[in-house]
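The following dialogue examines how terms are applied to one structure. Each answer sets a value against its definition.

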Amino acid sequence: MSTEGDFQRIMGSMQSKDLPPVEVVSGEFRAVAKNFFTLPVALLMDLKEAQLYQDGSELLLLFDAAELCFSEDDFEHMKDMNIRDFLNVIHAWVHFDRGELGGADSTQE
């Protein structure tokens, strides 16, 4: 699905809560989570602000977002990951429609 397709689907929806859950696959990690686009827009704004300040707080915001959208067991597993693996899971979650890691990491089998 294209970015334009995602945008049109979201814009055509009365509420983003009707977006279906997504399957997230990254390395050995596999889970079902709420769609990233169901998160409050305030979180997106906070992420953008953290990027501008480059203070590292975006990692904490992504951690909070994962806690909201993944099951308790899956989130507990994510808490034990190293930072790189955690960020790979987040990337796979946001770009679920592009396949595992969205083609960003060719080391995956």
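A contact means heavy atoms within 4.5 Å. By this rule F70 touches V24, F29, A31, A33, F75, M78, V89 and W93, not counting residues up to four places away in sequence. Residues are numbered from 1 along each chain as its sequence is written, and side-chain values use heavy atoms, with hydrogens and water left out.

Q: Why is F70 called buried?
A: Buried means under 20% relative accessible area, exposed over 50%, and partly exposed in between (1.4 Å probe, protein chains only). F70 has a relative accessible area of 6%, and therefore counts as buried.

Q: Where is F70 found?
A: F70 is in the loop between α3 and α4; helices here are DSSP runs (H or I, at least four residues), as are strands (E, at least two), numbered from the N terminus.

Q: Why does V41 count as exposed?
A: The relative accessibility of V41 is 56%, so V41 counts as exposed. V41 lies in helix α2, residues 41-53.

Q: How confident is the predictor in the protein chain, as given by mean pLDDT?
A: The mean pLDDT is 83, and 75% of the residues reach 70 or more. Over residues 101-109 the pLDDT is below 50. Where pLDDT is low, the predicted coordinates should not be read in detail.

Definitions and conventions: This is a predicted model: local features need pLDDT of at least 70, side-chain atom pairs count only at pLDDT 80 or more; totals for chains, interfaces and linings use all residues. pLDDT is the predictor's confidence in each residue, from 0 to 100.
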